Amino acid sequence: MNVDELLLPLALILVVAKLFSILGKKLGLPQVVGMIVAGILLGLIRYIPGQNVFTSSAMEGLSFLAKIGVILIMFSAGLDTDLKQFKKIGVPSVVITLLGVAFPLLFGFLAAGGMLFGGKFSALSQSDLISCLFYGTILAATSVSITVAALKELGKLNTKVGMSIIAAAIIDDVIGIVLLSLFISIDATGGAGDIGRSIGMMIAFFAAAVAVGLLIRLAMKYISKRFPHTRRIPILSFAVCFFYAYAAEKWFGVADITGAYVAGLMLSGLHEAEYVDRKIEISNYMIFAPVFFANIGITSNFDSINAQMAGFGVLFVLAGMAGKVIGCGGGALLCGYGLKDSLRVGIGMMVRAEVVLVCAQRGVDSGLVDPAIMPFVLILIIATTLLTPLLLKFSYRKELPPPELPPTYVREEKPAA
């Protein structure tokens with residue numbers, strides 16, 4: 001690969017992705033949506049005859065940068081996970097999470113099997129079965145940052161509903177990442193007899209990751225105490241991230257993004273974790289993350305969206321939304337929440353963002369899902385991002401204090417002479 005061929009595409013991606021991410025933010029959408037739209041528009045250049053911007057060599061280079069970006073995104077997600085919350089998570093949050101994963105997984109599986117494989121579930125090969133399950137796994141992911149912002153604005157974040165959503169989201173991410181790695185591992189090994197081996201390797205990875213992670217935490221605590229707030233701390237954290245990602249993929253057959261996520265988990269809660277996360281965010285969103293999200297748009301192939309895929313895509317989006325509302329809302333209802341609060345929990349858990357894109361792209365890279373699903377994943381993100389705050393506000397409309405009226409201006413009369 002000629003490095004010079006990568007420079008112009010990289011410059012275009014960084015500028016256009018930033019412009020569209022700012023536009024997305026102004027429209028109330030996640031900035032990643034703007035980056036993907038920028039990638040779709042830049043991808044149109046590939047259809048110009050004789051263009052030498054997005055050459056095969058340049059696309060190969062962008063793919064490498066994008067893979068680093070997704071690893072750092074998952075590392076940051078792990079750093080943001082508050083392990084202390086696990087001690088406070090009660091039975092309701094566990095039930096909400098489990099049903100909130102099970103129903104989207106089931107709906108995604110049924111939608112894929114029904115639309116893409118003609119409903120012949122009994123005739124599915126192991127590969128097709130894993131593919132259908134992976135579509136459901138994509139829908140299992142959630143992202144409650146929009147929900148948290150909406151509840152905070154409504155003054156309802158520190159309520160039973162708000163705390164349940166935050167706690168459930170933590171377990172949700174962990175389960176989603178585990179399922180993703182499990183299905184990729186099973187598909188890679190092949191053969192029903194290797195399922196046990198895949199599960200065993202995953203358990204071995206987590207055991208080794210925790211054992212090594214405890215030693216790394218001790219070392220990081222010592223370093224941060226001796227050299228607080230110095231660059232060597234985030235540099236070493238980068239090294240831990242890449243080591244875990246490599247070890248997971250090469251030694252245990254677990255997805256590299258799972259290794260990066262677990263690395264973040266092991267470093268979360270440290271005194272310097274917030275400082276490390278800030279440095280990771282700066283480094284990643286300067287170059288790697290924009291390339292990852294824009295690359296999704298650039299490589300999106302709309303030519304393969306036929307009537308069957310279009311029908312499945314619409315059903316996929318509806319399954320993703322309904323799965324969280326029914327699963328999480330039903331879990332809350334089972335745990336004694338009122339009907340309104342249960343519905344609010346379901347709506348709050350409906351939002352999707354970066355993690356669903358990561359899962360979908362990993363499925364595409366592994367050959368488990370059709371690349372034509374990516375535009376519908378983007379539609380799911382946009383739809384849930386816009387609908388969730390509106391529906392939450394509507395559900396609380398009778399419980400919110402009336403807006404304060406502006407003070408009435410009274411003209412001051414001059415005293416009579």
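Ala219 is partly exposed in this predicted model, with a relative accessible area of 36%, and its place is in helix H9. Leu214 counts as partly exposed, its relative accessible area being 49%.

**Overall build**

- The protein has 16 helices and 0 strands.
- Its radius of gyration is 23 Å, which agrees with the value near 22 Å that a compact globule of 417 residues would have.
- Along the principal axes, the C-alpha trace spans about 95 × 55 × 50 Å.
- Of the 417 residues, 49% count as buried.

- A search of the whole structure turns up 12 aromatic pairs.
- In one of them, Phe103 and Phe107, the ring centres are 5.8 Å apart and the planes stand at 80°; an angle over 60 degrees counts as edge-to-face, so this pair is edge-to-face.
- Both Phe103 and Phe107 belong to helix H5 (residues 91-116), where they are 4 residues apart, about one turn of the helix.
- Phe103 is partly exposed at 27% relative accessibility, and Phe107 is partly exposed at 22%.
- Phe109 and Phe121 make a tilted pair, with 5.4 Å from centre to centre and 35° between the planes.
- Because Phe109 lies in helix H5 and Phe121 in the loop between H5 and helix H6 (126-140), this pair ties together parts that are 12 residues apart in sequence.

**Other ring contacts**

- Phe243, Tyr244, Tyr246 and Trp251 form one aromatic cluster.
- Lys160 lies over the face of Tyr337, at 4.3 Å from the ring centre.
- For Arg344, the charged end sits over the ring of Tyr396, 3.8 Å from the centre of that ring.

**The second largest pocket**

- How is the space left between the atoms found? Rolling a probe the size of a water molecule over the atoms shows where empty space remains.
- The second largest pocket has a volume of about 580 Å³.
- It is lined by 33 residues, and those closest to its centre are Lys67, Gln361, Arg362, Asp365 and Ser366.
- Which elements give two or more residues to this lining? They are helix H3 (56-80), helix H8 (160-189), helix H9 (195-226), helix H11 (256-267), helix H12 (273-299) and helix H15 (354-365).
- By residue type, the lining of the second largest pocket divides into 15 nonpolar, 11 polar and 7 charged residues.

Conventions. Residues numbered from 1 in each chain as written. Predicted model: local features only at pLDDT ≥ 70, side-chain atom pairs only at ≥ 80, totals over all residues. Heavy atoms only, no water. Phe/Tyr/Trp six-rings, centres within 6.5 Å; stacked < 30°, edge-to-face > 60°. Buried < 20%, exposed > 50% of the residue type's maximum accessible area, 1.4 Å probe, protein only. Lys NZ or Arg CZ within 6 Å of the ring centre and 35° of its normal. 1 Å grid on protein atoms, 1.4 Å probe; cavity = no way out; pocket = protein on both sides within 12 Å on 5 of 7 lines; lining within 4 Å. Points joined across faces, edges and corners; volume = space filled by probe spheres on them. Nonpolar A, V, L, I, M, F, W, Y, C, P; charged D, E, K, R; others polar. Rg over C-alpha atoms; globule rule 2.2 N^0.38 Å.
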